[in-house]
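Hi,

Here is the structure I promised to pass on.

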Amino acid sequence: AAFRAGRRRLLDLDATVTQVDDVLLAYGDHTYATGVFSQLDLTDGHYRYINAGHPAPVLLRGGRVIKSLDEGRRILLGLEGNHAAIGTEHLEHGDWLILYTDGVPEARGSDGEFFGVERLVDVVERCAADQQNAAETLRRVTHAVLDHQRHVLQDDATLVIVQWMTARERELRAT
């Protein structure tokens with residue numbers, strides 16, 4: 001609710017995260033949350049983000065992972081003294097952002113082997129090479145993680161794939 005209220009008040013990224021922190025702090029010392037907060041300027045591809053407690057998102061360009069987005073990191077939301085610098089990246093048309101919780105790479109197979117970031121990247125890159133869109137890629141990664149765990153989730157596993165593919169984004173407006 002604090003995030004939604006900040007967005008509706010048109011707060012910038014830092015002020016929105018501060019508002020979420022303040023609400024959680026009001027609930028006491030044992031209330032905290034994780035999250036990735038992002039803004040993408042659809043006119044020029046300027047991407048800004050703050051990552052509170054999640055693995056670094058990865059950037060895919062030209063069908064290959066080119067880097068992890070390691071800036072903008074901070075500890076959990078709702079703990080005092082957590083201000084962090086905002087991470088920035090310039091996105092190009094066709095770029096993909098892969099954001100995920102630790103339950104994806106830490107999914108364990110029956111042999112105890114982790115699914116791993118390398119396997120996640122491999123599935124995503126193969127989907128990109130096959131000209132799959134974000135929705136189909138998400139479906140395939142989800143199935144790969146579930147297959148690896150024999151269809152029993154052992155931890156939360158959240159995955160978001162953002163695919164910036166056309167100039168149509170310029171027509172979109174947040175409401």
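What pattern does the protein chain follow, read along the sequence? The pattern is α-α-β-β-β-β-β-β-β-α-α-β, which comes from four helices and eight strands. Helices (H or I, at least four residues) and strands (E, at least two) are DSSP runs here, numbered from the N terminus.

Some housekeeping before the rest. This is a predicted model, so local features need pLDDT of at least 70 and side-chain atom pairs count only at pLDDT 80 or more, while totals for chains, interfaces and linings use all residues. Residues are numbered from 1 along each chain as its sequence is written, and side-chain values use heavy atoms, with hydrogens and water left out.

**Overall picture**

For 175 residues, a compact globule would have a radius of gyration near 16 Å, and the protein chain agrees with that at 17 Å. That radius is taken over C-alpha atoms, and the globule rule is 2.2 Å times the number of residues to the power 0.38. The C-alpha atoms fill a box of roughly 45 × 40 × 25 Å along the principal axes.

In the protein chain, 37% of the 175 residues count as buried. The cut-offs: buried is under 20% relative accessible area, exposed is over 50%, and partly exposed is in between (1.4 Å probe, protein chains only). The accessible surface comes to about 10100 Å², with 51% of it belonging to carbon and sulfur atoms; the areas are from the Shrake-Rupley method with a 1.4 Å probe, and for residues only the protein chains shown count as cover.

On contacts (heavy atoms within 4.5 Å): among those between residues at least 6 apart in sequence, 62% join residues at least 24 apart.

For charges, there are 19 positive and 27 negative side chains, and the centres of the two sets lie 5 Å apart. Lys and Arg count as positive and Asp and Glu as negative, with His and the chain ends not counted. Each charge is placed at NZ of Lys, CZ of Arg, CG of Asp or CD of Glu.

**The cores**

A nonpolar core here is a set of buried Ala, Val, Leu, Ile, Met, Phe, Trp, Tyr and Cys residues joined through side-chain atoms within 4.5 Å. Which members of the largest one touch the most other members? Out of 18 residues, they are Trp 96, Ile 98, Phe 115, Leu 120, Val 124, Val 141 and Leu 159. At least two core residues come from each of β3 (58–61), β7 (96–100), α3 (116–129), α4 (134–148) and β8 (159–163). The most come from α3, which gives five.

Val 124 is a handy place to start looking: leaving aside neighbours within four places in sequence, Val 124 is in contact with Leu 60, Trp 96, Ile 98, Thr 137 and Val 141. Another core, of nine residues, lies apart from this one, and its members include Ala 2, Val 17, Ile 50 and Leu 77.

**Residues to click on**

Ile 50 lies in strand β2 (residues 46–52) and counts as buried at 2% relative accessibility. Beyond the residues up to four places away in sequence, Ile 50 touches several others, including Leu 13, Val 17, Phe 37 and Ile 86. Ala 84 is 34 residues away along the chain, yet its C-alpha atom is 7.6 Å from that of Ile 50.

Leu 59, in strand β3, is buried at 0% relative accessibility. Leaving out neighbours within four places in sequence, the contacts of Leu 59 include Val 65, Ile 66, Leu 91 and Trp 96.

In helix α4 you will find Ala 144, partly exposed at 21% relative accessibility. Apart from neighbours within four places in sequence, Ala 144 is in contact with Phe 115 and Val 123. Ala 5 sits in helix α1 (residues 2–8) and is also partly exposed, at 31%.

Where is Gln 131 found? Gln 131 is in the loop between α3 and α4, with a positive phi of about 65° although it is not a glycine. Gln 131 counts as exposed at 69% relative accessibility. His 151, in the loop between α4 and β8, has a positive phi near 65° as well, again in a residue other than glycine. At 53% relative accessibility, His 151 counts as exposed.

Cheers
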